[in-house]
Amino acid sequence: MSKKIVIIGAGGVGNVVVKKCAMNPASFSEIVLASRTLSKCDAIAAECAAIGLPTAVKTRQVDADNVPELVALFKEEKPFLVINVALPYQDLTIMDACLEAGVHYLDTANYEPKDVAKFEYSWQWAYQEKFKKAGLMALLGCGFDPGVTGVYTAYANKHYFDEMHYLDIIDCNAGDHGKAFATNFNPEINIREITQKGKYWENGEWIEIEPMSIHKPIDYPNIGPKESYVLYHEELESLTKNFPTLKRARFWMTFGQAYLTHLEVLQNVGMTSIAPIKFNGMDIVPLEFLKAVLPEPGTLGENYSGQTSIGCQIKGIKEGKEATYYVWNNCHHADCYKEVQAQGVSYTTGVPAMIGASLMIDGSWFTPGVFNVEEFNPDPFMELLNIHGLPWEEQHNITLPHEY
């Protein structure tokens, strides 16, 4: 079986995926990094060579919105797998190209249309029969959240519960990058995500809430209490589908007051809008312009202090008794920069993509069709997290900070 991969996207996450794959020649024998901006690919490849990573990185230019260009690249390079860490708008074009070229597929974030701030799996799940018929596999949402949080949930379900009833995914970034306002991943995607209405699952239906309207302090390991806000996150859609015993599922994320104040001002003056406006006779999208003036997430790693903490808190039934479970990872920004010249948010997304790809290549996770990570055996993934830089910890039958 070929162990050659093509990675699409040369941003902060792409940098991590390339370097972590290049560190593991037993899983990845050849790596091709492609992006619209070839100079970004060349810079990452040069860093890989400079730090002596064992698998060489070849670079190519490609427009991920252009299916014929993608197909030509895939047919020429003949990879086993494409790892998509480009923009979520481009998921479907890359999946179409993979089908045409006969290549397997993995991404870290689900598709959303460029002109509507709405993300859901329906567009990608619709590819199930096409991939299955072609004998190809697509693994969706293999970052951290979504990704590791789904694996954590599957692991809990397999080992510690007869029925899971309540799931709270909690995500804290307690780091400091020293910037007045910056986002830790693509600003356009980040701001679209947190300014839309929140949503959570309860008693068989989705409950919609105003943005940031439900919040409370949650105590994070080695960090302490941080104000945490309920927002909608894509893994809730797949987890409630794949674990139907869940009575309630929510996603919480921390935001500092300075961040929220900046965001409120930007919203008030229209800079977060995705509706085009006329400027000097040209159509521009305010949010795209804002992205252009904000710091590039991939540049935030140097001197980034503090750590992230992301985990799943679950309550359910085991052998007729109530049980609780908390599993999490804490990741230090400085350690990530030392290893792969990236900040922790990029690292926690990029490492799981590498792990998922390695499991597809070695056959541990392989079935034709379109799947989310929680549909596979979580055990090998959990083992590799400990090996490749995202060790996890767990607590059983503790009091969780939620009302049931």
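Author: Helices (H or I, at least four residues) and strands (E, at least two) are DSSP runs, numbered from the N terminus. The model is predicted. With those labels, Pro-146 is placed in the loop between E6 and helix H7 (148-159).

Reader: Which peptide bond is cis?

Author: The bond from Asp-145 to Pro-146, with omega near 10°.

Reader: Now the sheet. What is the order of the seven strands?

Author: Start with the general idea. Strands of a sheet pair through backbone hydrogen bonds, either parallel or antiparallel. Here the sheet is open, and its order is E3-E2-E1-E4-E5-E6-E17, with parallel pairing. Strand E3 (57-61) and strand E17 (369-372) are the edges, each pairing on one side only. From one strand to the next, the twist averages 20°.

Reader: Which helix packs on the sheet and touches E3?

Author: Helix H2 (residues 38-50). It touches strand E2 (30-35) as well as E3, and its direction makes about 175° with that of E3.

Reader: How many bridges join E2 and E3?

Author: Five, in the parallel sense.

Reader: Move to E4 and E5. In which sense do they pair, parallel or antiparallel?

Author: Parallel. Strand E4 (residues 81-84) and E5 share four bridges. Ile-83 has Leu-106 of E5 as its bridge partner. Here the chain crosses through helix H4 (residues 91-101), and the β-α-β crossover from E4 to E5 is right-handed.

Reader: What stands opposite Leu-106 in E6?

Author: Leu-139. E5 and strand E6 (residues 137-140) pair in the parallel sense over two bridges.

Reader: How should I read the faces of strand E5: covered or open?

Author: In a regular strand the side chains alternate between the two faces of the sheet. Check each side of E5 (residues 104-107) in turn. His-104 and Leu-106 are buried on one side, and Tyr-105 and Asp-107 are buried on the other. Both faces are covered.

Reader: Which strands does H13 lie across?

Author: Strand E1 (4-8), E4, E5 and E6. H13 runs at about 160° to E5.

Reader: At what angle do helix H12 and helix H13 pack?

Author: Two packed helices are described by the angle between their axes and the distance between the axes. For H12 (residues 333-340) and H13 (residues 344-361), the angle is about 65° and the axes are 8 Å apart. Their crossing is left-handed. H12 contributes His-333, Cys-336, Glu-339 and Val-340 to the contact, while H13 contributes Gly-344, Val-345 and Tyr-347. By class, that contact has four nonpolar, two polar and one charged residues.

Reader: Which residues does Thr-308 touch?

Author: Begin with its place, in strand E15 (residues 307-318). Leaving out residues up to four places away in sequence, Thr-308 touches Cys-172, Asn-173, Ile-223, Asn-329, Asn-330, Cys-331, His-333, Val-345 and Thr-348. Thr-308 has a relative accessible area of 3%, so it is buried.

Reader: How many residues of helix H9 are buried?

Author: Six of eight, so H9 (residues 235-242) is mostly covered. The buried ones are Glu-235, Leu-236, Glu-237, Ser-238, Leu-239 and Thr-240.

Reader: Is Gly-14 buried or exposed?

Author: Buried, because its relative accessibility is 1%. Gly-14 is in helix H1 (residues 12-22). Apart from its neighbours within four places in sequence, Gly-14 is in contact with Gly-9 and Val-85.

Reader: Last, backbone angles. Which residue has a positive phi of about 65°?

Author: Met-212, although it is not a glycine. Find it in the loop between strand E9 (205-209) and strand E10 (215-220). Buried means under 20% relative accessible area. Met-212 has 17%, so it is buried.

Reader: And what is the phi of Asn-222?

Author: Positive, at about 60°, and again the residue is not a glycine. Asn-222 is in the loop between E10 and strand E11 (224-230). Its relative accessible area is 66%, so Asn-222 is exposed.

Terms used: Residues numbered from 1 in each chain as written. Predicted model: local features only at pLDDT ≥ 70, side-chain atom pairs only at ≥ 80, totals over all residues. Heavy atoms only, no water. Axes fitted to C-alpha atoms, helices over the stretch in contact; angles between N-to-C directions. Left-handed = near helix turned anticlockwise from the far one by under 90°. Contact = heavy atoms within 4.5 Å. Nonpolar A, V, L, I, M, F, W, Y, C, P; charged D, E, K, R; others polar. Buried < 20%, exposed > 50% of the residue type's maximum accessible area, 1.4 Å probe, protein only. Pairing = 2+ DSSP bridges. Right-handed = clockwise from strand over helix to strand, strands pointing away.
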